[in-house]
Amino acid sequence: MASESEFQGRVAIVTGAGQGMGRAVARRLARGGASLVINDIDGESADRTVSHLKGYGHEAVAAPGSVTSASDVRAMVDKALGSFGAIHILINNAGILRPTQVIDIEEEEWDLVVGVNLKGTYLCSRAVLKPMQDAGWGRIVNFSSTAGKNISTVGGAHYTAAKAGILGFTRHLAKEAAPHGITVNAVCPGLIDTEMVRTTISDERARAYAEGFPISRLGTPDEVAELVAFLASDRAAYITGASLDINGGDLMI
Ligand SMILES: NC(=O)c1ccc[n+]([C@@H]2O[C@H](COP(=O)([O-])OP(=O)(O)OC[C@H]3O[C@@H](n4cnc5c(N)ncnc54)[C@H](O)[C@@H]3O)[C@@H](O)[C@H]2O)c1
């Protein structure tokens, strides 16, 4: 059972937590008692999330920077260790999407989309492994997507390829990390009502997609945050290398 204080004493890093699902996950973990390190490439949005959490009496610090930069990631980990002395939970949420068709994808855009989604997941995971090993306990939750198992609804092939790559990375790291008490899992959200979707497709198109889902609406960031919190908790101790779907029935496999 989830308890009010199940993350008490835990230190959690959430990447891309300035808005959307990252922010919802940060709120959910903080409500459970975790101390939060809020990363985002947009420093102002990271600060807003920190202020919001502190407003509710939670412990939080900002660690702005890009997940694609090894030095920014190092600084984020140093900030976590300097502020709270340990790292127990990493949520690899930062991601970007472009709707471009392959024939029009420039190399720079390919590198950007694959870089933020896939390389970012690798860099941040690598950086927390030693602190998690020291703690003898760890939870890494990676944001894949329905795109990782099928094809992206609104993104391009670079996004689909990166999200599929995250599933492979998740399985492999899960095997390596298990002896240290660290689990590594992925979530595969369907169409969730965030800026990412709102800035990519019209309300009308979003509604049309939603009508085709068995649960005929978009998901909410809080619903995804609930699943992520479960995977980050002691309740999920025997789940590793898994990918959990949360898509209103859009993809059932
Ligand atoms: N919204 C959906 O329907 C959906 C579905 C499946 C998976 N996802 C995935 O869920 C995650 C969160 O998506 P969202 O919808 O909340 O997106 P969002 O665009 O609302 O938020 C993403 C956040 O990541 C930050 N970010 C971007 N590049 C970054 C970088 N290099 N370093 C650090 N932060 C960076 C952005 O500034 C933003 O605050 C992403 O990985 C996304 O691919 C989203």
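Gln19 lies in the loop between E1 and H1, where helices (H or I, at least four residues) and strands (E, at least two) are DSSP runs numbered from the N terminus. The structure is a predicted model, in which local features need pLDDT of at least 70, side-chain atom pairs count only at pLDDT 80 or more, and totals for chains, interfaces and linings use all residues. Residues are numbered from 1 along each chain as its sequence is written.

**Gln19 and Glu195**

Gln19 is partly exposed because it has 18 other C-beta atoms within 10 Å; a residue is buried if 20 or more other C-beta atoms lie within 10 Å of its own, exposed if 12 or fewer, and partly exposed in between, with C-beta atoms placed from the backbone. Leaving aside neighbours within four places in sequence, Gln19 is in contact with Ser45 and Glu195, contact being defined as C-beta atoms, placed from the backbone, within 7 Å. The C-alpha atoms of Gln19 and Thr49 are separated by 7.6 Å, although these residues are 30 residues apart along the chain.

Glu195 lies in helix H6 and is exposed, because 10 other C-beta atoms are within 10 Å. With neighbours within four places in sequence again left aside, the contacts of Glu195 are with Gln19 and Gly20. By contrast, Ala174 is 21 residues from Glu195 in sequence and 30 Å from it in space, C-alpha to C-alpha.

**The ligand shell**

The shell around the ligand has 31 residues, of which Gly16, Gly20, Gly95, Thr194 and Met196 come nearest; a residue is near a molecule or strand if its C-beta atom, placed from the backbone, lies within 6 Å of it. At least two residues of this shell are supplied by each of helix H1 (20–31), helix H4 (107–135) and helix H6 (195–198). By class, the shell comprises 13 nonpolar, 15 polar and three charged residues. In this classification Ala, Val, Leu, Ile, Met, Phe, Trp, Tyr, Cys and Pro count as nonpolar, Asp, Glu, Lys and Arg as charged, and the others, Gly among them, as polar.

**The sheet**

An open sheet of seven strands has the order E3-E2-E1-E4-E5-E6-E7, with parallel pairing; two strands pair if DSSP finds at least two bridges between them. Strand E3 (60–62) and strand E7 (243–246) are the edge strands, each pairing on one side only. Neighbouring strands of this sheet are turned against each other by 20° on average, direction ignored. Strands of a sheet pair through backbone hydrogen bonds, either parallel or antiparallel.

Strand E1 (residues 11–14) runs parallel to strand E2 (residues 35–38) and also parallel to E4. On the E4 side, Ile13 stands opposite Leu90. E4 in turn runs parallel to strand E5 (residues 138–143), with Ile91 opposite Val141. The bridge counts are set out below.

| Strand pair | Bridges | Direction |
|---|---|---|
| E1 and E2 | four bridges | parallel |
| E1 and E4 | three bridges | parallel |
| E4 and E5 | four bridges | parallel |

Both faces of E1 are covered, with Val11 and Ile13 buried on one side and Ala12 and Val14 buried on the other. In E2, the buried residues are Ser35 and Val37 on one side and Leu36 and Ile38 on the other, so that both faces are covered. Strand E4 (residues 89–92) is likewise covered on both faces: Ile89 and Ile91 are buried on one side, Leu90 and Asn92 on the other.

**Helices H3 and H4**

The axes of helix H3 (residues 70–84) and H4 come within 9 Å and cross at roughly 35°. Such axes are lines fitted to C-alpha atoms, for helices over the stretch in contact, and angles run from 0 to 180 degrees between N-to-C directions. The contact is made by Ala70, Val73, Arg74, Val77 and Leu81 of H3 together with Leu123, Cys124, Ala127, Val128 and Pro131 of H4. These contact residues divide into nine nonpolar, no polar and one charged.

Lys130 is also found in helix H4 and counts as exposed because it has 12 C-beta neighbours inside 10 Å. Lys130 and Gly20 are 110 residues apart in sequence and 29 Å apart in space, C-alpha to C-alpha.

Technical notes. Contact = placed C-beta atoms within 7 Å.
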